[in-house]
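This report walks through selected features of a single protein model, moving from charged pairs to cores, strands and backbone geometry. Please keep the sequence and the structure in view while reading.

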Amino acid sequence: MRKLQLSPLFVALAGAGLLAAMASPAQARPGAAQAGPSGDARSQQSEDRKPVEKLSKIEVIARELTLTRIPMHSAYSESVIGPSAIRFASPMLDVQGLLERTPSINVRTPAANGVRTNITFRAFSSGQFSETFDGVPLNDPFNGGTTNSASTRNNIPLTLNDINSVNIYRGINNPAVTSYNSLGGTIAFEPRTPPNTPSVSADLGGGSFDTWFYALTASTGDIGGVRSMFSINHNSSSGWQANSGNRNTNLYYAGVLPYDEGDGEVYAYAIYNANKGFTPHTIPLQLIQQYGYNYGWPLDWTNSYNKDHGGTYILGDRMRVNRLLSFNARVYARTVNYNRVSFTNPAHIQSATQPYFLPNTPGNYSFWLYYPNGPTYDPAATFGSKRAGNAYHTYINVTQQYGFMPHFTLRLPDNLVKFGGDWSHTTLHSAEYWYGANPMPMVTGYNDAWNEHDGRTLGSAYVQDTIRLFGGQVHVTPGLKYIFARTTDFDNLGFFYPISGTVTDSEHYTSPTIGLNWRPVRHVSLYAAWGKTAKFPGIASYYSNVGETNAAGQAVVVPLHVTPEYVRDIEAGARYEAHGFEGALNVYREDFANTFIQVTDPSTQLTTTYNGGTSRYEGIELDLQDSFSTAFGAFSVFGNVSQNKAFFTSDFTVANAAGTAAIAGQSVVSGQPLAGVPRHLANLGIGWKWKTWRANLSEHYAGSQYVNEYNAGVPGAETIPGYAVMNLTLRDTLHIGQGMLKDVKLALHIDNVLDRHYYTFGYGDTTYSGTPFVRAIYEEPRAYFGSATIDF
């Protein structure tokens with residue numbers, strides 16, 4: 001065995017983690033939530049020193065053209081999206097939309113640059129599955145989601161500019177890849193890494209909706225042992241809904257410093273993203289039919305202007321200590337700084353002559369003036385009427401997260417043991433202020449609807465063993481993970497809080513999993529997996545606990561009402577690969593207890609989380625792809641289809657869990673389907689290469705889905721119709737080879753080739769006179785974009 005040599009950075013990282021644990025004993029339990037792959041691809045590469053892989057012609061075609069791949073050796077359900085899909089992406093495609101080509105994923109993207117994007121994964125909504133970048137969790141620790149969480153509508157944590165590939169782990173999966181909130185699975189984004197040779201690439205393009213974009217990427221090659229990559233990407237667009245334009249700027253850095261003859265390396269990744277623009281809002285379908293597909297509310301009726309900036313920063317050290325042991329240790333930081341000013345003109349609010357409810361409608365009240373020692377802002381006295389004085393709202397959401405994540409891998413003759421953990425602490429400042437003009441004062445105890453300061457410590461520890469049996473024909477992967485959360489919510493005096501107060505809660509859970517993969521013959525693998533896990537309550541579940549009224553009519557602070565959401569998962573499947581063809585079929589069932597329900601109070605518009613009853617998610621997924629060569633070029637074809645059912649398995653009302661009176665529309669009966677879940681999803685695509693030409697044609701289909709009733713948080717009778725959307729990319733490479741100029745790539749992107757008019761998000765509402773209708777945000781119509789990429 002080699003002499004143990006640890007880099008100074010690893011010693012520092014380990015020391016930082018130990019000091020953090022010592023500084024907060026309550027958080028130093030074996031818990032610090034790990035996220036993402038423990039033995040990631042780069043760490044594995046340094047461990048194995050595998051010989052160069054020899055590929056057949058068909059395998060070369062598959063790796064170059066295939067948009068997704070199916071891992072054959074996993075004991076769990078997985079997919080991989082490779083660099084080809086990312087390189088050929090439309091300028092309108094964001095990282096969430098990229099995932100939609102794999103089974104059981106559906107995405108809504110109602111605006112350019114991924115603004116207000118939401119995603120379902122095997123019927124799980126955003127916040128019920130985890131997303132990671134180089135293993136670091138991207139989910140909001142307080143609210144669960146990665147994008148559009150807590151109404152941070154233009155918070156864009158990463159773009160296609162930052163990633164090289166994506167690993168999609170369905171179901172609970174093994175603890176080495178799961179993160180917090182991994183009920184439905186884990187989506188692991190792998191970062192772009194700097195190449196060994198220097199290079200420069202520039203992109204410029206534009207197209208429909210007054211869209212313009214540019215990008216510049218420079219790689220240094222090896223300079224003093226350090227390899228670096230710098231990249232900037234900018235995209236501005238007016239959007240397809242009127243008055244919803246925004247612009248996004250993304251900065252990315254990746255750096256690597258090898259040491260110890262290449263057995264170790266210090267690495268760094270940094271993402272900074274800034275976005276500014278207007279929110280696309282739901283529109284009654286009747287108005288879209290009357291005024292056209294791109295209709296948006298006039299800005300002098302209602303508007304929401306968003307500003308967001310933030311980043312993800314990772315510094316790590318990975319090393320093969322000897323032929324048995326390797327480690328990968330990271331420290332990381334994440335920030336979000338979101339600000340939104342919204343306005344609705346009282347002259348245009350819902351009435352007998354304007355029958356539709358407007359977003360951000362100001363309240364015709366000032367109930368806080370009746371609190372003993374309550375907020376002193378009087379909207380009517382200041383601006384002439386209550387609605388005029390409540391017409392503007394400034395909402396801020398600022399989070400700062402710091403964490404430490406050590407992972408270890410022990411390679412034994414018939415065992416691959418992985419163990420490690422994660423510890424992080426995050427602070428949140430969330431507040432909203434109301435006034436009759438903008439800019440406005442933002443003063444606690446005067447015009448704050450709420451002003452909260454929260455903290456959440458998350459932790460986990462895990463161990464997992466992949467056991468090799470019968471000469472490698474069978475692999476069994478048992479695992480165990482302990483997760484821990486301690487949350488503190490402090491609410492200042494505000495419109496919704498007659499007193500200030502603090503609510504604190506701690507939760508912990510042990511998550512066991514086991515998976516089996518069997519290769520009975522060379523080209524076939526069979527697998528089965530079982531596991532259970534939990535999702536901790538989001539910060540919205542704390543909101544109703546400060547300022548409740550007791551029997552004596554006094555405002556008091558009460559303990560947390562909501563308990564964690566639990567799920568048990570079982571699935572099984574089969575895979576086949578041979579001569580460029582890959583296929584996978586699997587079935588799954590996940591049973592929930594304490595299903596979270598989001599409820600909005602119709603008078604205050606404050607959203608709170610409650611526990612509902614039990615529910616079940618189940619489905620079947622088929623994934624096929626093939627690669628072949630002809631006289632007309634090389635081809636790669638893929639297709640997948642999935643059926644996902646999500647329904648409640650118990651009767652309940654919100655009042656059962658919350659201890660409050662039920663609001664109309666908040667009762668559920670067993671068998672009732674969950675909203676936002678298309679029962680059927682399918683994808684079909686083909687990639688083609690001939691000489692210098694490349695093309696990709698793909699189509700995504702989603703079946704009908706139920707929508708929630710406005711405010712109620714549970715589905716009604718209204719549905720969103722099914723739809724199918726086709727996209728095309730065509731590219732030619734001109735090899736120049738003159739001086740520093742290597743080649744020029746010219747590309748044409750056509751989104752929604754057949755110009756389907758469809759929407760993926762909506763909810764039921766009623767007019768002023770009580771007539772029911774559906775309001776929705778329509779998706780991108782047919783659009784054209786052209787781009788040129790110059791490589792030096």
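## Salt bridges

Arg589 counts as partly exposed because its relative accessibility is 35%, where partly exposed denotes the range between buried (under 20% relative accessible area) and exposed (over 50%), computed with a 1.4 Å probe on protein chains only. Its partner is Asp591, the two side chains meeting in a salt bridge of 3.4 Å, N to O, a term that requires a side-chain nitrogen of Lys or Arg within 4 Å of a carboxyl oxygen of Asp or Glu. Asp591, at 26% relative accessibility, is likewise classed as partly exposed. The model is a predicted one, in which local features need pLDDT of at least 70 and side-chain atom pairs count only at pLDDT 80 or more, whereas totals for chains, interfaces and linings use all residues. Residues are numbered from 1 along each chain as its sequence is written, and side-chain values use heavy atoms, with hydrogens and water left out.

By this rule the salt bridges number 14. One of them joins the side chains of Arg330 and Asp134 at 3.3 Å, N to O, linking distant parts of the chain, since Arg330 belongs to strand 17 (residues 325–344) and Asp134 to the loop between strand 6 (130–133) and strand 7, 196 residues apart; strands here are DSSP runs (E) of at least two residues and helices are runs (H or I) of at least four, both numbered from the N terminus. Both Arg330 and Asp134 are buried. A network of salt bridges links Arg122, Arg170, Glu571, Glu590 and Glu621.

## Nonpolar cores

The largest nonpolar core has 46 residues, and those with the most contacts inside it are Leu99, Phe133, Ile163, Val166 and Phe189; such a core is a set of buried Ala, Val, Leu, Ile, Met, Phe, Trp, Tyr and Cys residues joined through side-chain atoms within 4.5 Å. Apart from it lies another core of 26 residues, among them Phe142, Val336, Val546 and Leu560.

## Strand pairing and backbone geometry

An open sheet is formed by three strands in the order 15-41-40, with antiparallel pairing, pairing being assigned if DSSP finds at least two bridges between two strands. Its edge strands are strand 15 (283–284) and strand 40 (759–766), each of which pairs on one side only. Within strand 41, Ala776 stands opposite Ile283.

Elsewhere, the peptide bond from Asn438 to Pro439 is cis, with omega near 5 degrees, and Pro439 is placed in the loop between strand 19 (415–435) and strand 20. Ser104, although not a glycine, has a positive phi of about 70 degrees; it lies in the loop between helix 5 (95–98) and strand 3 (105–108), and it counts as buried because its relative accessibility is 2%.
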